[in-house]
Amino acid sequence: MSIVLARIDSRLVHGQVLEAWVPHVKADCIVVANDEVAGVSFQRAVMEAAVPSSIKLVIGTLEEAVRILSSAELLKKRVLLLFSNSEDALELRQLGVIYDKLNLGNMHSSSGKDRYSCTIALDTEDIHNLQKIEDQGVSIVCQCVPADRERTWHKLIQTGAR
Amino acid sequence: MIGLVVATHGKLGQELLASAEMIIGPVRNAAAVSIDHDNDLETIRANIEQAISRVNQDGQGVLIVTDMFGGTPANVSMTFLEPGQIDVLTGVNLPIVLKFFNSQESVKLSELAGILKAYGQQSIAQASDYLHRK
């Protein structure tokens, strides 16, 4: 199994992922690692219906995702791995899922978060989590869609909150 | 690369392209034609013709998508039909536009129109259909 894209996107499976990233990285499998969505059957059903049948979709809790990612079933797959937040991305890494690069896609604003770009809002917890991920040798970049320029997340932080 | 002309009542076409760009980033070989109530047929024809030549610089063909079968944008567009070179699809939606841009370099025009027609129809969903699926 190769992880062709690991991305934090609070919207999980949506237009930018299906229409832009999947063809760009030639993924043939999407793994959604999210405790919440894994438990809501309606949301799962809608997500499953939105993904074309040529793409394998796996939705699981973080622990299930770890297991699935190392299973024989995904051995030859080009996986696009999705998290909804930095905490999950860190936890999966700590549970043994190795990805070398982490894409920050959409991390939308909510209360207590500072906005760093139009699609990225972070609080101190996020910055702490991302720093921990980076310390493990992961390069962290911001790129909403493939046509955007890829920038290291430090650029974003240096520029400061808006 | 196949070109796309989105011909619609008002600015719908322009906005469909803008919405597509929000999702997949900048698009290529596309033009929108807005048909307004004070346009006469000659003007509309000329505008569509101009858009076609703008997006067909390499001669790979053009797909015109219009908002509604039976409406003026569709009626005028259909007069440009030229199998293998120019085809017309009515009832455009955003999934059709996105799929077009993901296929414009890999599929021939003659196949693309058919694929997009089926794709656009399949992309319409009713939420309550998903309630009892497991």
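Two strands count as paired if DSSP finds at least two bridges between them. Strands themselves (E, at least two residues), like helices (H or I, at least four residues), are DSSP runs numbered from the N terminus. With that in hand, A:Val31 stands opposite A:Val58 in E3(A).

Before we go on, a word on the model and its labels. This is a predicted model, in which local features need pLDDT of at least 70 and side-chain atom pairs count only at pLDDT 80 or more, while totals for chains, interfaces and linings use all residues. Residues are numbered from 1 along each chain as its sequence is written, and chains are lettered from A and ligands numbered from 1 in the order in which they are written.

**Chain A**

Chain A has seven helices and nine strands. Seven strands make an open sheet with mixed pairing, in the order E3-E2-E4-E1-E5-E8-E9. Strand E3 (56-60) and strand E9 (151-152) of chain A have a single partner strand each, so one side of each is left without a neighbour in the sheet. Helix H4 (residues 62-69) of chain A lies across E2 and E3 of chain A and runs at about 150 degrees to E2(A); such angles run from 0 to 180 degrees between N-to-C directions, with axes fitted as lines to C-alpha atoms, for helices over the stretch in contact.

As for overall dimensions, the C-alpha trace of chain A spans about 40 × 30 × 30 Å along its principal axes. Its radius of gyration is 15 Å, which agrees with the value near 15 Å for a compact globule of 162 residues; the radius is taken over C-alpha atoms, and the globule rule is 2.2 Å times the number of residues to the power 0.38.

**Chain B**

Here an open sheet of four strands has the order E2-E1-E3-E4 with parallel pairing. Its edge strands are E2 (30-35) and E4 of chain B, each pairing on one side only. Neighbouring strands are turned by 20 degrees against each other on average, direction ignored.

From E3(B) the chain crosses through helix H3 (residues 72-78) of chain B to E4(B), a right-handed β-α-β crossover. Right-handed here says that, with the strands pointing away from the viewer, the path from the first strand over the helix to the second runs clockwise.

A residue is buried if 20 or more other C-beta atoms, placed from the backbone, lie within 10 Å of its own, exposed if 12 or fewer, and partly exposed in between. By contrast, B:Leu41, in helix H2 (residues 41-55) of chain B, counts as exposed because it has 12 C-beta neighbours inside 10 Å.

**Where the chains meet**

Contact, meaning C-beta atoms within 7 Å, joins 14 residues of chain A to eleven residues of chain B. Helix H1 (15-25) and helix H3 (41-50) of chain A each supply at least two residues of that side of chain A.

Notes. Two residues are in contact if their C-beta atoms, placed from the backbone, lie within 7 Å.
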